[in-house]
Amino acid sequence: MKIYVLVKEVPDTYGDRKLDLETGLADRGAGDVVLDEITERALEVALSYAEKNAGTEVVALSMSPETATASVRRALAIGAASAVHVVDEQLRGADLTLTAETLAAAIRRGEPDLVITGNLSTDGSGGVIPAMLAEHLGFAQATALSAVEIAGDQVSGTRTGDDGTQQVTASLPAVISITEALPDARFPNFKGIMAAKKKPLEVLSLTDLGVSADPASAPRTIMTTVSEKPPRAAGVKITDEGDAAAQLVEFLVQNRLV
């Protein structure tokens, strides 16, 4: 079995994250960058299965700038057998539609049996890429799984909702996404870090994938304006002089809260 795992480099969630007001894009030079934790968990699902099933190949796939090579190598150090890194300046600021189209083209090229992703990234938090990939690929999909079991020609799992849990099953090939309920990824040891330097890492461009970033070729999301978040304003303070209740009601009515 061949499993593709989507991995993504994101700004460190423990650091300050800012938007570049000129481009509207995340300022990745403003702080540290790391491999998104949810994608590491997705990688752990694949590696745990591979350990118990000989012949399983785990491939890490990332669409990211050239500067993200170290993060892709981390996925190899954790345990992926090889990696595919899609790098193209035309992808800078790519919206969800172009991202899904590009990733789907890379996945299609590798012909995996299963694609595992996080349910949503910690930077964009779109949460729709797994479903969009399944649509592009014509694969079955099972999203937001809090437990995963891969067996034979199908994958099953548990999806937790507001009203309870669902048991879902999909035939392979399939795309699944997992939540933070899955275990943390293993920490890369020295042997893994050294081995990662020799593992295959294929770099692909949009031309290699046959994908066009030209907005005229397909509808794209366009950023029109971006502005800095306004400073927090002081709240309204009510002093009780026997009419606090009336003042509170008036405030709620004026702000259309009742």
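These are my notebook entries on a predicted model.

**Sheet**

I began with the strands. Nine of them form an open sheet with mixed pairing, in the order β9-β8-β7-β10-β6-β1-β4-β5-β11. I checked the edges next: β9 and β11 (201-204) each pair on one side only. Neighbouring strands are turned by 35° against each other on average, direction ignored.

I then looked at β7 and β10. They run parallel and are joined by 4 bridges. Alanine 140 has alanine 174 in β10 as its bridge partner.

I also looked up what helix α2 (residues 69-78) lies across. I found β4 (57-63), β5 (82-86) and β11, with α2 running at about 155° to β5.

I looked for a cis peptide bond and found one joining leucine 172 and proline 173, with omega about 0°. Proline 173 sits in the loop between β9 (164-171) and β10 (174-178).

I noted positive phi at alanine 144, about 55°, although this residue is not a glycine. Alanine 144 lies in strand β7 (residues 140-151). Its relative accessible area is 27%, so I list alanine 144 as partly exposed.

Arginine 256 also went on my list: phi is positive, about 55°, and the residue is not a glycine. I located arginine 256 in the segment after α7 (244-254). With a relative accessible area of 77%, arginine 256 is exposed.

**Salt bridges**

I have 6 salt bridges in the structure. I went through several pairs.

Arginine 74 and glutamate 40 meet through their side chains at 2.7 Å, N to O. Arginine 74 is in helix α2 and glutamate 40 in helix α1 (residues 37-52), 34 residues apart. Glutamate 40 is buried at 11% relative accessible area, whereas arginine 74 is partly exposed at 26%.

Aspartate 184 and arginine 41 form a salt bridge at 2.6 Å, N to O. This pair links distant parts of the chain: aspartate 184 is in the loop between β10 and α5 (190-196), arginine 41 in helix α1, 143 residues apart. I read aspartate 184 as exposed at 52% relative accessibility. Arginine 41 is buried, at 9% relative accessible area.

Glutamate 44 and arginine 186 come next, with a salt bridge at 2.8 Å, N to O. Glutamate 44 lies in helix α1 and arginine 186 in the loop between β10 and α5, so the pair ties together parts 142 residues apart in sequence. I have glutamate 44 as buried at 10% relative accessible area. Arginine 186 counts as partly exposed at 26% relative accessibility.

Last entry: Glu37, Arg41 and Asp184 are linked in a network of salt bridges.

Key
Residues are numbered from 1 along each chain as its sequence is written. This is a predicted model: local features need pLDDT of at least 70, side-chain atom pairs count only at pLDDT 80 or more; totals for chains, interfaces and linings use all residues. Side-chain values use heavy atoms; hydrogens and water are left out. Helices (H or I, at least four residues) and strands (E, at least two) are DSSP runs, numbered from the N terminus. Buried means under 20% relative accessible area, exposed over 50%, partly exposed in between (1.4 Å probe, protein chains only). Two strands pair if DSSP finds at least two bridges between them. Axes are lines fitted to C-alpha atoms, for helices over the stretch in contact, and angles run from 0 to 180 degrees between N-to-C directions. Contact means heavy atoms within 4.5 Å. A salt bridge is a side-chain nitrogen of Lys or Arg within 4 Å of a carboxyl oxygen of Asp or Glu.
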